[in-house]
Amino acid sequence: MPVEITWWGHATCTVEDSDVRVLTDPLFARRLAHLRRRRGALPPSGARDADVALVSHLHADHLHVPSLMRLAPGTRLLVPRGARRAVPGLRRLTHLRVSEVAPGDETPVGDIVVRAVPARHDGRRLPLGPHRAPALGYVIAGEARTYFAGDTGLFDTMAEEVGPVEVALLPVGGWGPYLGEGHLDAGRAAEALARLAPCSAVPVHYGTYWPIGMDAVRPHEFHAPGDEFVRLAAGRAPGVAVHLLGHGESVRPKVAR
């Protein structure tokens with residue numbers, strides 16, 4: 001079966017490869033603290049079906065304990081090393097098979113292997129929290145190699161650390177009017193695409209959540225990143241097929257040149 005990618009919104013995707021369902025950064029909430037879901041229906045219950053779920057870092061819009069509670073018993077869950085110490089709520093997930101991983105760790109799941117790779121992002125649960133855990137990306141290797149970047153900034157060794165991939169799921173925006181250090185906007189994501197040189201790419205992490213009461217503050221930062229990434233990627237990485245998905249849409253991307 002060809003690799004299939006479904007974008008549910010924000011950084012939540014399903015990657016189906018080799019009859020294994022991989023769920024990234026599950027977030028199934030209408031509201032999270034000061035954020036509300038402004039675009040796209042909540043993912044249907046079937047979106048929670050996964051053989052393994054991947055958490056890229058400890059920020060609450062990526063490690064959302066109430067969403068993880070809704071995963072089926074026995075689901076494998078990979079989290080950054082140190083997460084259970086930093087996020088006590090993870091101890092409630094007794095129905096899941098939780099493993100902590102660090103860059104370089106490989107986890108076989110059925111006929112795929114999930115490899116944790118470095119990311120450049122603040123991995124703490126809270127801005128001034130004392131407990132740290134590495135922010136991660138993941139490479140899902142089966143019939144194709146699919147890179148889920150989580151949240152990251154550009155870094156010099158990105159292509160070397162990630163390795164050859166056929167598909168890249170890259171963040172191109174955020175959940176607020178300004179992106180801080182350790183993030184990719186559309187331009188930096190296009191540069192990452194040029195460095196990684198996959199066959200296909202899907203932009204994620206934009207156009208879903210926005211702070212309550214700030215609808216009129218820099219609204220282009222909410223609406224525009226996906227289209228802007230498509231435009232810039234055409235110039236920086238013209239050989240890459242970029243798939244701009246709506247919420248809940250799927251694609252079977254090109255994985256061979």
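1. Which residue is the bridge partner of Val22 in β6? The partner is Val52. Strand β3 (residues 20–24) and strand β6 (residues 52–54) are paired in the parallel sense, with 3 bridges. Two strands are taken to pair if DSSP finds at least two bridges between them. Helices (H or I, at least four residues) and strands (E, at least two) are DSSP runs, numbered from the N terminus.

2. The model is predicted: local features need pLDDT of at least 70 and side-chain atom pairs count only at pLDDT 80 or more, while totals for chains, interfaces and linings use all residues. Residues are numbered from 1 along each chain as its sequence is written, and side-chain values use heavy atoms, with hydrogens and water left out.

3. The protein contains 6 helices and 17 strands. Its radius of gyration, taken over C-alpha atoms, is 17 Å, close to the 18 Å given by the globule rule for 257 residues, so the protein is as compact as a globular protein of that length. The rule is 2.2 Å times the number of residues to the power 0.38. Along the principal axes, the C-alpha atoms fill a box of roughly 45 × 45 × 35 Å.

4. An open sheet of 7 strands runs in the order β8-β7-β6-β3-β2-β1-β17, and its pairing is mixed. At the edges stand β8 (97–101) and β17 (250–251); each has a single partner strand, so one side of each is left without a neighbour in the sheet.

5. Strand β11 (residues 136–141) pairs with strand β12 (residues 145–148) in the antiparallel sense over 4 bridges, and a hairpin of 3 residues joins β11 to β12. Thr146 of β12 stands opposite Ile140. Thr146 also has Val167 as its bridge partner in β13; β12 and β13 (residues 167–171) run parallel and are joined by 3 bridges.

6. The axes of helix α4 (residues 186–196) and helix α6 (residues 225–236) come within 8 Å and cross at roughly 40 degrees. That angle makes α4 oblique to α6. Axes are lines fitted to C-alpha atoms, for helices over the stretch in contact, and angles run from 0 to 180 degrees between N-to-C directions. Angles under 35 degrees count as roughly parallel, over 145 as roughly antiparallel, 65 to 115 as roughly perpendicular and the rest as oblique.

7. Residues in contact (heavy atoms within 4.5 Å) include Leu193 of α4 and Phe229 of α6.
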